[in-house]
Amino acid sequence: MFDVREGWREGGIAERQRAGGTATANRKGGGKPVAARPGYDREGAFWQTGRELGGVVKRATRAEPSKARDVGATDGSAPVPLVLSVRDGARVVVGHACPAARALGIRVGMAMTMARAMVPGLDVRDADPAGVAADLDRLALFALKRWTPGVAVSDADGLWIDLSGVAHLHGGEARFCRRVLRFCARLGFTARIAVAGTAGAAHALARFGRVAAPMLEGGAEAEALAPLPIDALRIDAAACERLRRLGVETVGDLIAMPRAPLNRRFGGTVLRRLDQALGRMAEPIVPVVAQAVPAARLRLVEPIATADAIAQVIGDLLALLVVELAARGLGARRLELRCERVDGQALIVRAGTARPNRDAAHLARLLVPKIETIDPGFGIDAMAIHAVASEPLGATAITTIGEDAAADLAILVDLVTGRVGTHRLFRMGAVESDVPERAHARAAPLSPPAAWPAAWPRPVRLLDPPQRLDHVTALLPDHAPRRFSCRGHVHDVAHGDGPERIYGEWWRRAGEADAVRDYFQVEDASGARYWIFRRGDGVDGRTGDMSWHLHGVFA
């Protein structure tokens, strides 16, 4: 399991559930860091799996620049104690405290007035449960995509990660724990992890255990949990207080008590939590499900095989899909039409849009022409359309009465690319590079164009690769050539301009560290204009071999 907790707080769990009591593994973690919210600190990262994995994560964030010193300052000054305040009924109490604050005697649950009296320079900020919950959801989705298909939110500050059947993908449980700890360190968290056969045991060991990353074997839960306080069983505070009045301080004391009196006096909650931690009772986990892509599916009463019938079903599916896209505020970028034949074979047709779109008529114009590629066989009995790629699409302005609507190139682009292919329709965009052959690249047809540099003129056509010139007559090092030969044709230069010196990009290749090109614009006696260059500066042989090349032709 993986828990994220706001502020600092003792404990934290990462738990693993065990299916059938067998150890299970983990997968490699990594990815985007969760952005730290300025103004408060967080603690918590907990794991739990089929063999339960429990862990704690703490994070210290810096104080605002206006503060004289930062939490965890490294300039030799003492760190500023930081606490997060929460409201408990009519009182304002300490919800979370940083290590510096705890070292000064501040504890979670202490009244804020007392904490301020104890530490006059205390940095107090409001807790942000909603922000922590959002970070927890992002971590759950990350774990779902990278580590295991079984992830659940355990409580307000924890996750359960079921590693049953996937531990070998991560090199074993111990290696997975180390990876998770390194992952948390990259995010700025410190973590504690516990591995056990039940969610309750992993939760307890991670939050209250004294070993940094215990690896508990199946059947050893009772012995491992016995010295822990009864709070480790996730029993409510009122029941814990009543148990302490009876002299029950640890889980071992609770295990030794007769079950019937406990059930009569405390109800089934205490025994249920104990049995779940010891593996005597299953603990259901509701997994997190990644948001499904917008889709619409229809199962047909009778198989269809004609183009008209398929087109009709496509229209009905798009009508349903557009409603879902509108509800989510999305527009489709890539569509996937799936036709399921009666023989069990599935046929897939794809289409894309240049911009997010949820116009059913336009999307139909993209899919219907592809019907000719569908082989219905003995008939199609089910069809579905998935928006496999979508982007936010808000409200769009419409033309007023009497106003001519501007042509929407996106519709034309979609129709053309649907016929000739997306790779055949593009526009050229500028790239920040002085080397001419690297200064441009293909871009999407409707992408905003990058500004072309205007300092130096460039030919409308570049040759790839540049053509080698022969029999070049030129005065080195700075003069344009007077004559050159290209492909057997001799050109007498009437006018020349240059040189324009372009250096190699040493950060790309070591061979370009000293490379130099001197470019010249020349016009021959017939009026044709060329862009030629010489490798090297004409003086130092390290800069090039002094060969001449034709690189472009001006209009």
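Okay, hi everyone. Before anything else, please keep in mind that what you're looking at is a predicted model.

Let's start with the big picture. The protein chain has 555 residues, and 44% of them are buried. In terms of elements, we've got 13 helices and 23 strands. And if you take the contacts with a separation of 6 or more, 62% of them are between residues 24 or more positions apart.

The one I'll show you here is an open sheet of 3 strands, ordered β6-β5-β7, and its pairing is mixed. Now zoom in on β5, which covers residues 82-88: it's joined to β6 by 6 bridges, and the two run antiparallel.

While we're on strands, here's a handy thing to remember. In a regular strand, side chains alternate between the two faces of the sheet.

Next, a pair of helices. Find α7, residues 237-245, and α9, residues 259-266: their axes come within 12 Å and cross at roughly 130°. That angle is why we call α7 and α9 oblique to each other. As for handedness, α7 passes α9 in a right-handed crossing. Which residues actually meet there? From α7 it's A239, R242 and L243, and from α9 it's L262, R265 and F266. Sort that contact by class and you get 4 nonpolar residues, 2 charged ones and no polar ones.

Okay, back to sheets. Further along there's an open sheet of 4 strands, in the order β11-β14-β12-β13, and here the pairing is antiparallel. At the edges we find β11 (295-304) and β13 (346-357), each pairing on one side only. Between neighbours in this sheet the average turn is 15°, again with direction ignored.

Let's look at one pairing in there. β12, residues 330-341, runs antiparallel to β13, with 8 bridges joining the two. One example to look up is R334, whose bridge partner in β13 is G352. There's also a helix packing on this sheet: α11, residues 307-328, touches β11, β12, β13 and β14 (380-392). The direction of α11 makes about 160° with that of β11.

Last stop, β23, residues 548-553. Is this strand mostly covered or mostly open? Mostly covered, with 5 of its 6 residues buried. And which strands does β23 pair with? One is β17, residues 461-468, which runs antiparallel to β23 and is joined to it by 4 bridges. In that pairing, R461 has V553 of β23 as its bridge partner. Another is β22, residues 529-535, also antiparallel to β23, with 5 bridges between them. There you can find R534 standing opposite W548 in β23.

That's the tour. Thanks, everyone!

Notes. Residues numbered from 1 in each chain as written. Predicted model: local features only at pLDDT ≥ 70, side-chain atom pairs only at ≥ 80, totals over all residues. Heavy atoms only, no water. Axes fitted to C-alpha atoms, helices over the stretch in contact; angles between N-to-C directions. Parallel < 35°, antiparallel > 145°, perpendicular 65-115°, else oblique. Left-handed = near helix turned anticlockwise from the far one by under 90°. Contact = heavy atoms within 4.5 Å. Nonpolar A, V, L, I, M, F, W, Y, C, P; charged D, E, K, R; others polar. Pairing = 2+ DSSP bridges. Buried < 20%, exposed > 50% of the residue type's maximum accessible area, 1.4 Å probe, protein only.
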